[in-house]
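Hi,

Here is the structure I promised to pass on. Have a look at it first, and then read my notes below.

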Amino acid sequence: MSSERLNQILKQAQLTLSDIEGGNLRIRKSVEQLVEAEPNKKRTKTIQELHAKAHYFLASQGINTDRASVDTSRTFETGQREVETDIREINSEAYERNNIENIEDNREFSNDRLMAIFKQKHAEFIETRERGRKEKDENMADLQEYEKETVISGVNRVNDYAKVVTALNENRLVDADYDLLKNLSSIRNLSDLKRSQDGANDAWSILNHLINKSGIYGRLEGRFLRDYTTKSYYSAIATNTRRGLIHASKSWLEQQYSQHINDVLNKNADKIKVGGIPSFTHRLRAYIDLVFKTTPDSRTEVVDGLPIWVFIYHLLRSGNLDLATKFIDSNGEMFASDRKFAIYFQEYITAEHHNVSELTRKAILADYIRLYENDADPYKLIIYKIMGRCELHRKHFPDVIKTTEDYIWLQLMLIREVTETERYSSERYRLEDLQKSITALGSKYFDKDQTNPYIYFNVLLLTHQFEEAIDYLYKQNKLQPEAIHFAILLVYCGLLNICQPDKHNSYTILITNVENRVTLNFPRLLYRFIKVYLSNKPNEALQYLYILSLYSPKQGYPDDTMVQIAKDYVCEFIQSSKDYKHILGVANGQERIPGPIDKQKELLNINQETEFAKQIIEPIARKFYLTGRRMDAAYTYSLSKDYNEMMFVVAKELSDALYQTQSFRSTNPSLSLNSNTEIIQFALETVQYYEDNQYISPLIDENKKTTAHILIQLLQFRVAYDAGQYDKALQLIQQVNIIPIGGDFEHLRLLSEQFNGLDELIKKNIPELMLNIMDCLLKIKTSSPKTNNLEDMSQVLLGFTALIQFSIPKDIINRLNEIDKLIRSYHC
């Protein structure tokens, strides 16, 4: 400690002693001034040490410290001493010091900067609040729309879906694979709108092809997670998986087209006598005769009564490459004018990934250009385009490509997924290029009337834009339940790219990651879904949150991030639920009776009771605490057997009730809305219950118990004070015995020493309580001027203030002196 600091303490000691000898108890310095030179060091000196130093400095000045003791028998006798405290002088000096110190303290801050910080924080608060309000309104609107639809259709899809999700989790618990697609697709959805139901059926069928016909096998759970979703986009293994998925998309389109041919033939069975069980080529000839004879085209090449290029195209379009090859090999004479075609086609069929050689590609391109310039058969032209991947920039062939499905199929036939090391990297038309063109066209291009959302949704599925597909369908309010369950299937199989939400993107659904790949904020979407549709069904809602833990290291996910997010959302949901006690279980003495969540906690990678307490119960308790639900926080901490934290919460509730008025607490979401009387009742019952428990009581720190008891008494004082019961209030404060209003100097000294050991939850309230006490004295004096000892009590309080002045703000000290002056002005 510097000599300058020692001199300051010496001067202060001299001033204090002279005031005591003169009969005046003056308070001149604040704690801020004494700790200013050592702001980073904790104050650890006891009252005894300070007294010892004070005696040393006083003795060094030749002052007899024994003589400086106070004769309390005279100090507090009514009318036995003259009051000489110069309130005006004290106030004047105090105000001047306050102004100077405030100017010095604030010099380092820029008003503009402070205002900028305030505006920024205020804007963030307003934005968050408005987002919350908007989402709440949207949730209510969505729920009302769903309830209206449910009444009309008589179908409660959400309940049916929830049963399937519950069954899924039950199978996960026993490590059994589950045919989620089969069970979800069997649920009716909007059955009153056939187009919507048909579109949903197509979507489930597309996903079935993608999952089961991509060449990737093994368990359904996490099938694509390890080797696709979590891999770098351009890695060899991810590229190979994309090829398999592209093949599956084409397979679905080709199967659908074959079904279309059969449907047309069946519909016109009376016109066309196919007979028996004919081969596909025979049925295809009948289809072509029916369709193309009614719409002849002069450019169509017909050989022996068969439009050969139309026939070959339809074999390709229906996925019958083997039949096309056989037909070309068996009917070479039909292609006499195109002798190279059979060679081209054979190389195309046999080449790896259907990539013909560069020499062949150039030859095909030359023939393609010649055919185009000569206005050749459009079906012949498109076959050459497919073989040689000609004019990749030209996407539309209106003479041949007439439906959305045709368009997607053609693009899938033209794209090639290649790595950086493969040939012909300069002639690239990849899946990502197709995806960009699809999203650029938008939903209105494929569904002009915007009457069937499944049209564009299925286009996005076929082009593997799963994240955009879910986002698009979820925006169709009536189809939100379907969107979520399509997403759950994709997550179960590991096909959905999920982002890791943070405070900056928590409300955004589609997020582009560092690799410039679109990801879905599935956790947020899922949580919003359960808040809208399952807010009153906590057991079912939790089943959905467990889905997030599917992306775990066990299934090939790189880390436990999604498992932790699942835990976070579980905690958030339980904390917001009215049935949280039912979910978490009920306290029963030292034990906790398990709740529904216990049966499936393994899905959150929680196996032990201690883990459950640390990872679920305690975070929920903290959320209760931070949102002002202190009673719930205390109860929840008791479930985790953290009884010391529980007792702290009780004490904090009492302390905050003392520190802030109830009207102010109502404006602060982190503070309790309970009345002071309710808080006292809660604290008394809680403290008494656990103190009476012979097993739990020894586990609670004695200081925490003492702190809680003191705060209960202090809040009882405040209740009496607020009710205008000033005599009762003074009696209560005397019982607490931490703020004196009577007694001798030794008693004041002992209480000042005790003050240093009080918990901060108590100490922070002492200044305001002292004002309350002083105000009680003033109110009593005002109503009964002849009441004795009030001036003495006021002086005792000021004397105590002098001993703990470093812990009392300057403005409080000033106000205490002012009230004391008023009290003495009534002295008769």
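Before the first find, a quick definition: a charge sits over a ring if NZ of Lys or CZ of Arg is within 6 Å of the ring centre and within 35 degrees of the ring normal. Arg 517 does this with Tyr 233, lying over the ring's face at 3.6 Å from its centre. Lys 395 does it too, over the face of Tyr 429, at 4.9 Å from the ring centre.

Some ground rules. This is a predicted model, so local features need pLDDT of at least 70 and side-chain atom pairs count only at pLDDT 80 or more, while totals for chains, interfaces and linings use all residues. Residues are numbered from 1 along each chain as its sequence is written, and side-chain values use heavy atoms, with hydrogens and water left out.

Now the rings. Rings of Phe, Tyr and Trp (its six-membered ring) pair if their centres lie within 6.5 Å; planes under 30 degrees apart count as stacked, over 60 as edge-to-face and the rest as tilted. The structure holds 34 aromatic pairs. One of them joins Tyr 454 and Phe 457, edge-to-face, at 5.9 Å centre to centre and 80° between the planes. Both sit in helix H21 (residues 453-462), three residues apart, about one turn of the helix. (Helices here are DSSP runs of H or I, at least four residues, numbered from the N terminus.) Tyr 454 and Phe 457 are both buried, where buried means under 20% relative accessible area, exposed over 50%, and partly exposed in between (1.4 Å probe, protein chains only). Ring pairs also link Trp 309, Phe 311, Phe 327, Phe 335, Phe 341, Tyr 344, Phe 345, Tyr 348 and Tyr 384 into a cluster.

How do helices H14 and H15 pack? H14 (residues 321-330) and H15 (residues 341-350) have axes 11 Å apart, at an angle of about 150° (axes are lines fitted to C-alpha atoms over the stretch in contact, and angles run from 0 to 180 degrees between N-to-C directions). That makes H14 and H15 roughly antiparallel, a label for angles over 145 degrees.

His 354, in the loop between H15 and helix H16 (358-373), has a positive phi near 60° although it is not glycine, and is partly exposed at 23% relative accessible area. Glu 391, in the loop between H17 (378-388) and H18 (404-414), has a positive phi near 45° and is partly exposed at 25%.

Cheers

Technical notes. Helices (H or I, at least four residues) and strands (E, at least two) are DSSP runs, numbered from the N terminus. Angles under 35 degrees count as roughly parallel, over 145 as roughly antiparallel, 65 to 115 as roughly perpendicular and the rest as oblique.
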